[in-house]
Protein chains: 2
Amino acid sequence: MGERMALADGFIAVDWGTTNRRAYRIDRSGSCAQEFEDDRGIMSVPEGGFPDAVRAIRERLGDHPLLLAGMIGSNRGWVEAPYVPCPAGTEELARALVWPGEREAIIPGVSYVGQGRADVMRGEEVQLLGGAATGLIGADAFVCHPGTHNKWTLLRHGKIQAFGTVMTGELFSLLKEHSILSDLLQGPVEPNEAFKRGVRVAMERGMLPAQLFGVRASVLLDQASKEDAPSYTSGLLIGTDVRIGLTWPLSARIAVMGRPELTRLYAAAIVEAGREPIELDGERCFLAGIQKIAEMI
Amino acid sequence: MGERMALADGFIAVDWGTTNRRAYRIDRSGSCAQEFEDDRGIMSVPEGGFPDAVRAIRERLGDHPLLLAGMIGSNRGWVEAPYVPCPAGTEELARALVWPGEREAIIPGVSYVGQGRADVMRGEEVQLLGGAATGLIGADAFVCHPGTHNKWTLLRHGKIQAFGTVMTGELFSLLKEHSILSDLLQGPVEPNEAFKRGVRVAMERGMLPAQLFGVRASVLLDQASKEDAPSYTSGLLIGTDVRIGLTWPLSARIAVMGRPELTRLYAAAIVEAGREPIELDGERCFLAGIQKIAEMI
């Protein structure tokens, strides 16, 4: 594919999600020379609108080749990039790039089928493999990647070996926006004592749908303060998530990768579970991963 | 309170919920002579509008005393009727009636605080105690009461001894209306093989927030049919609910009380869990319970 485009002279990397996107101009030296973030996720692009959206990115960051990752490769994106099955490393992803044009390539997501279940990821794979490629995490590692859908991922020999998704972020949003708990969940979430109590309750017993109603009942009966409800509820959800993640047989250290406001909550929950978290910035891992893939084109 | 109103000559019983209500005219013989159901739940009544709403009920069912149950006694209802703590039987409820007027009484809900948790019910208590009072279930029984919020209740000597709420119905609604699974969940739910598979998966492992994302991933990867998604997802949620309910140490037989379209799903899940369900019509139990309380006024 080397004849299609050469990225050695620099390129534009885009992490293009459902509701947001981040674009980076990577120069010859591999440094990020310019970047922007906005809310033009794939759901805001009208049908047939991706060529124009890509043109607009080049107007801001220069006329460079584009390497795209995330939901842009889903069936609601520009061109669908079929999932690469586990085990998947940067080489497998680079071989399966999908080319909407001569100078635009989409990195596929990764799928897992096994142990009686199926799972998919799109976007996290670049961060995960970037972390491994640069040595930020080891080639054999266990990574927690919080977001709308948290991914617990096992890396073996620098490849994504298996992973499992937990709908934690989305469940919290649903409860906050639309549920009977809505008025209790509008305040800030902090990794405070209420959060840790929620984590412990969730770790002890896998009873999330019962524990959630308890948030409301406890406030009604003056057994808990209303102010604690957002952090406690977040602790219940993240504690359940960590309890699920820790059913995998693994070493004590867990890398937690993603946006710092989320990784600090998961790190606190993992400490509460008696394990050792290492927080990593997801953006830095993304840039490392996408450059690694760019080198293979 | 006997001087306030005499219900022996007949009365109107209202099960007044958040979004719906059912009203029944009970004649001297204890039979239901007339009834109606509509969507005038408490949330549809404007502030200060309950006297008018009650007048409208009397215009339809006659100028009789009213005995009201359900969310009408909540802090969003007509007049708040404070929760009666467990253990609570019909006598405890009758003693704690709240009287917005001389000829209108509100039955309070029931609260539970113990074992490190707190819980509340409003409306189900009349059905539960009605089932026990008439012998439809024994004075010592374990009852599953599905709805927006399922209640697992332990009856001892004809009183509500303890109970626990699981947010199953509301979670299914949130997922169906607002989540990433929304487009997969629009079809009918049946207690079919897909439902039973969901129940078994949920009974085996308490990993609901992970199993829910699996619904989507399995369809994307052709590991499951889209048509099965509503029943399978309902099975996951109800299976989790039954797994939680069965952590209580109880006899093999479980009464399942409520609307028949829900009790049949829970009955199927309870069979799948190796237990014996007995389905009871919630409306019949409500009428038995509210008449029992009326006799005590």
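So, domains in chain A: the assignment, an automatic or database one, gives domain 1 as 11-135 + 286-295 and domain 2 as 166-281. Taken over C-alpha atoms, the centres of domain 1 and domain 2 of chain A are 30 Å apart.

Quick housekeeping. This is a predicted model, where local features need pLDDT of at least 70, side-chain atom pairs count only at pLDDT 80 or more, and totals for chains, interfaces and linings use all residues. Residues are numbered from 1 along each chain as its sequence is written, and chains are lettered from A and ligands numbered from 1 in the order in which they are written.

Okay, how do the two chains relate? A rotation of 180° with 0.0 Å of shift along its axis puts chain A on chain B, RMSD 0.0 Å (least squares on C-alpha atoms of residues with pLDDT of at least 70 in both). That's the relation of a two-fold axis. In chain A, A:G206 comes closest to the rotation axis, with its C-alpha at 2.7 Å. And 100% of the interface residues of chain A are also interface residues in chain B, so the copies meet through the same surface; contact here means C-beta atoms, placed from the backbone, within 7 Å.

Now over to helix α6 of chain B, residues 208-220 (helices are DSSP runs of H or I, at least four residues, numbered from the N terminus). Where does α6(B) bend? At B:G214, by about 25°, going by axes fitted to the seven residues ending there and the seven starting there. Twelve of the 13 residues of α6(B) are buried, meaning 20 or more other C-beta atoms within 10 Å of their own, and B:G214 is among them. Just after α6(B), B:D222 takes a positive phi of about 60°.

Notes
Helices (H or I, at least four residues) and strands (E, at least two) are DSSP runs, numbered from the N terminus. The expected span of a helix is 1.5 Å times one less than its number of residues. Two residues are in contact if their C-beta atoms, placed from the backbone, lie within 7 Å.
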